[in-house]
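Colleague: Before I use this model, I would like to go through the labels attached to it. For each one, tell me what it rests on.

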Amino acid sequence: MIRKALLASGIAGVSLATIAATVAFADGTERPATAASGWQKVGDGMTGGVSGLAVAGTGHGRIDTIVARDNKEAGQVRLSAVRLAPGHAPVVRDLQWAGSEVPKDLESVAAVPGRPGEYTTLSSGDGGKFRPTVYGLKISGDTATVRWSTPLPETRHYKGDDTQNYEAFAVHRDRATGKDVAVWATRGSNGTASQVRSAVLHPSASAKAVFSHVTDPVAFRAPWPARDEVRHISDLKIAADGTVVLSAAQDPNKNSGPFSSAVFEAGRLAVDKGRPELKLSRPKEVRRYTTADNRKIEAVALLPGDRALWGTDDEDFGGSVLLDHLDD
């Protein structure tokens with residue numbers, strides 16, 4: 001199960017009690033974080049949400065992460081580096097985007113296994129004018145350089161509606177075969193299920209050959225939240241043993257909320273005869289945040305030692321992260 005898979009890597013997590021209750025922003029200012037619940041604020045207002053989250057490295061109690069921001073306008077931040085360290089405030093550094101057109105609406109970020117400093121990030125598209133696009137990045141210092149970009153497979157007839165609004169993109173290395181597999185999903189909406197696909201990923205190839213063996217879509221509906229404006233998948237990651245971990249969120253389309261969200265174990269990913277095999281099962285609830293918490297989880301990252309990070313895009317309230325347990 002997840003706990004055993006994460007413990008196998010042997011890297012310790014970080015205690016919530018050791019994380020300080022202020023945030024240091026790139027402009028040198030410090031502002032209060034939400035310490036009582038363990039949530040740590042890493043961005044202010046509408047442009048400071050967390051729409052994607054990847055672990056960049058751990059060590060000496062530190063967790064270094066890359067955060068995606070779903071901003072759309074010129075001059076707004078697309079990616080930030082965030083460091084969580086015992087006894088220190090989270091430190092946020094905004095990254096410069098280099099080497100390609102600046103994307104609109106980044107909804108995920110994932111580390112490429114075995115390639116330090118390399119990541120993928122997904123733009124969900126823009127009302128049908130721009131197809132959902134995957135970017136392969138090399139992050140060094142304060143710069144994210146685009147190495148390749150390609151439209152997401154099976155989006156040739158993209159219409160930009162809720163049935164094709166892409167929210168999640170994960171990269172997983174299959175332990176048995178060593179193959180890299182990408183998994184991505186639409187967010188779905190109320191009665192419209194999310195659609196989840198997978199493919200073998202070739203992260204060092206030319207843009208025309210990044211994906212192979214693309215699977216048919218698998219439908220997923222979150223059992224909770226059950227209110228209006230549900231996003232059945234708001235992010236997705238794959239544990240070392242192939243377990244699918246995903247978040248779902250309720251967004252009433254009001255910038256002040258109230259929001260609610262949940263995290264689920266929802267199936268397994270494997271590789272059979274060189275092809276990805278994705279099986280979604282009845283979801284097991286890992287964690288639930290109600291409208292009383294007013295949290296809209298849009299980002300998931302998995303850590304060794306049965307821990308995970310949740311990231312929120314709470315609209316008017318900015319973005320926060322929480323170090324949490326997968327198993328209690």
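Modeller: The model is predicted. A search of the whole structure gives 1 cavity of 30 Å³ or more.

Colleague: What volume does the largest cavity have, and what makes it a cavity?

Modeller: Its volume is about 40 Å³. A cavity is a set of points where a 1.4 Å probe fits but cannot get out, so the word refers to space that the probe cannot leave.

Colleague: Which residues line the largest cavity?

Modeller: The lining consists of V112, E118, Y119, T120, G136, L137, R147, W148 and P203. Two or more lining residues come from each of β10 (118-123), β11 (133-140) and β12 (143-151). The largest share, 3 residues, belongs to β10.

Colleague: Why is D64 called buried?

Modeller: D64 has 18% relative accessibility, and buried means under 20%. The value falls under the cut-off, so D64 counts as buried. D64 is in strand β5 (residues 62-68).

Colleague: What makes the pair of D64 and R83 a polar contact?

Modeller: The side chains of D64 and R83 make the contact at 2.6 Å, and the limit for a pair of N or O atoms is 3.5 Å. The distance is within that limit, so the term applies. R83 is also among the residues that D64 touches, along with A54, V55, A56, G57 and V82, not counting residues up to four places away in sequence.

Colleague: Why does V244 count as buried?

Modeller: At 1% relative accessibility, V244 is under the 20% cut-off and therefore counts as buried. V244 is found in strand β19 (residues 243-250). Not counting residues up to four places away in sequence, V244 touches residues including L236, I238, F264, L278 and L280. E265 is another one of its contacts; V244 and E265 are 21 residues apart in sequence and 5.7 Å apart in space, C-alpha to C-alpha.

Colleague: K273 and E315 are flagged for their backbone; what is the value of phi in each?

Modeller: K273 has a positive phi of about 55 degrees although it is not a glycine, and E315 also has a positive phi of about 55 degrees without being a glycine. Most residues other than glycine have a negative phi. K273 is in the loop between β20 and β21 (275-289), while E315 is in the loop between β23 (307-313) and β24 (319-325).

Colleague: Are K273 and E315 buried or exposed, and why?

Modeller: K273 is at 79%, and exposed means over 50%, so K273 counts as exposed. E315 is at 12%, under the 20% cut-off, so E315 counts as buried.

Colleague: Which peptide bonds are cis, and where are they?

Modeller: One joins W224 and P225, with omega about 0 degrees; P225 is in the loop between β17 (218-220) and β18 (230-238). Another runs from G257 to P258, with omega near 5 degrees, and P258 lies in the loop between β19 and β20 (260-272).

Colleague: What is the mean pLDDT of the chain, and where does pLDDT stay under 50?

Modeller: The mean pLDDT is 86, and 85% of the residues reach 70 or more. Over residues 3-37 pLDDT stays under 50; the model has 84 contacts beyond four places in sequence for that stretch.

Technical notes
Residues numbered from 1 in each chain as written. Predicted model: local features only at pLDDT ≥ 70, side-chain atom pairs only at ≥ 80, totals over all residues. Heavy atoms only, no water. 1 Å grid on protein atoms, 1.4 Å probe; cavity = no way out; pocket = protein on both sides within 12 Å on 5 of 7 lines; lining within 4 Å. Points joined across faces, edges and corners; volume = space filled by probe spheres on them. Helix = DSSP H or I, 4+ residues; strand = E, 2+ residues; numbered from the N terminus. Buried < 20%, exposed > 50% of the residue type's maximum accessible area, 1.4 Å probe, protein only. Polar contact = N/O pair within 3.5 Å; in protein donor to acceptor, adjacent residues only side chain to side chain. Contact = heavy atoms within 4.5 Å. pLDDT = per-residue confidence, 0-100.
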